[in-house]
Amino acid sequence: MDQQFEDKIMEALEQVIDPELGVDIVNLGLVYNVEMNDAGKVFVTMTLTSIGCPLAGVLTEEVRKALWDLNDVDDVEVIVTFNPPWSKDRMSRYAKIALGVQ
C-alpha cells in the first residue's frame, strides 16, 4: 500500500468518532496499524480506551463503514488488541486540547 492510499485510509478513519469522548479514533491514538493485501482487504489494528469498553462493537462497525466506500477496498477486518495498552500519551495534541488533558 502506498503512502497516499494509507493517508486516505487514515483520513477516512478520522471520521470515526468515539461517542463517549467526541474525538476521532485517529487523534485519540486508538489506531495502531493499517495494512492492505493484494486482494483489497484492509486490516485495521486498533485498541480501545478500556478493556470493558461497551462501545467496542459500535466502533469496529463504524471503522468498516468508513473504509468501505474507498476505491480499491473490497473488505475490512478490524483487529482489536490491548497490547500495548492505550494511554493518553498516544493522543494527538488536538485530542488533548479538545479533552482538556495535559
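With which residue does K65 form a salt bridge, and how far apart are the closest N and O atoms?

A: This is a predicted model. K65 forms its salt bridge with E62.

Now look at how open they are. K65 is partly exposed, with a relative accessible area of 49%. E62 is partly exposed too, at 35%.

Stay in helix α2, which covers residues 56-68. A salt bridge also joins the side chains of E61 and R64. Here the N to O distance is 3.6 Å. Again the two residues are three apart, about one turn of the helix. E61 has a relative accessible area of 36%, so it counts as partly exposed. R64 has 29% and is also partly exposed.

The count for the model comes to four salt bridges. Next, leave the helix and go to the strands. K41 forms a salt bridge with D75, and their closest N and O atoms are 3.9 Å apart. K41 sits in strand β2 and D75 in strand β3, so this pair ties together parts that are 34 residues apart in sequence. K41 is partly exposed at 22% relative accessibility. D75 is partly exposed as well, with a relative accessible area of 34%.

What do these two strands do? β2 and β3 (residues 75-80) pair in the parallel sense, over six bridges. Within β3, I79 stands opposite T45. Strand β2 (residues 41-46) has another partner, strand β1 (residues 31-36). That pairing is antiparallel and runs over five bridges. M36 has V42 of β2 as its bridge partner. Four residues lie between the strands in the hairpin of β1 and β2. In this hairpin, G40 takes a positive phi near 85 degrees.

Now follow the chain around β3. The loop between α2 and β3 holds D72. D72 has a positive phi of about 75 degrees, although it is not a glycine. Is D72 buried or exposed? D72 has a relative accessible area of 57%, so it is exposed.

Beyond β3 comes the loop to α3 (93-99), where P84 is found. The peptide bond from N83 to P84 is cis, with omega near 5 degrees. F82 lies in the loop between β3 and α3. F82 is partly exposed, at a relative accessible area of 30%. Together with I51 and V80, F82 forms a nonpolar patch on the surface. The three have about 270 Å² of accessible area together.

Finally, turn to a charged patch. D2, D7, E11 and E14 gather in a patch of negative charge on the surface. D7 is placed in helix α1 (residues 3-13). With 42% relative accessibility, D7 counts as partly exposed.

Note on methods:
Residues are numbered from 1 along each chain as its sequence is written. This is a predicted model: local features need pLDDT of at least 70, side-chain atom pairs count only at pLDDT 80 or more; totals for chains, interfaces and linings use all residues. Side-chain values use heavy atoms; hydrogens and water are left out. Patches are made of residues with over 30% relative accessible area and no salt bridge: like charges are joined within 9 Å, nonpolar side chains (Val, Leu, Ile, Met, Phe, Trp, Tyr) within 5 Å. Accessible areas come from the Shrake-Rupley method with a 1.4 Å probe; for residues, only the protein chains shown count as cover. Lys and Arg count as positive and Asp and Glu as negative; His and the chain ends are not counted. The place of a charge is taken as NZ of Lys, CZ of Arg, CG of Asp or CD of Glu. Buried means under 20% relative accessible area, exposed over 50%, partly exposed in between (1.4 Å probe, protein chains only). Two strands pair if DSSP finds at least two bridges between them.
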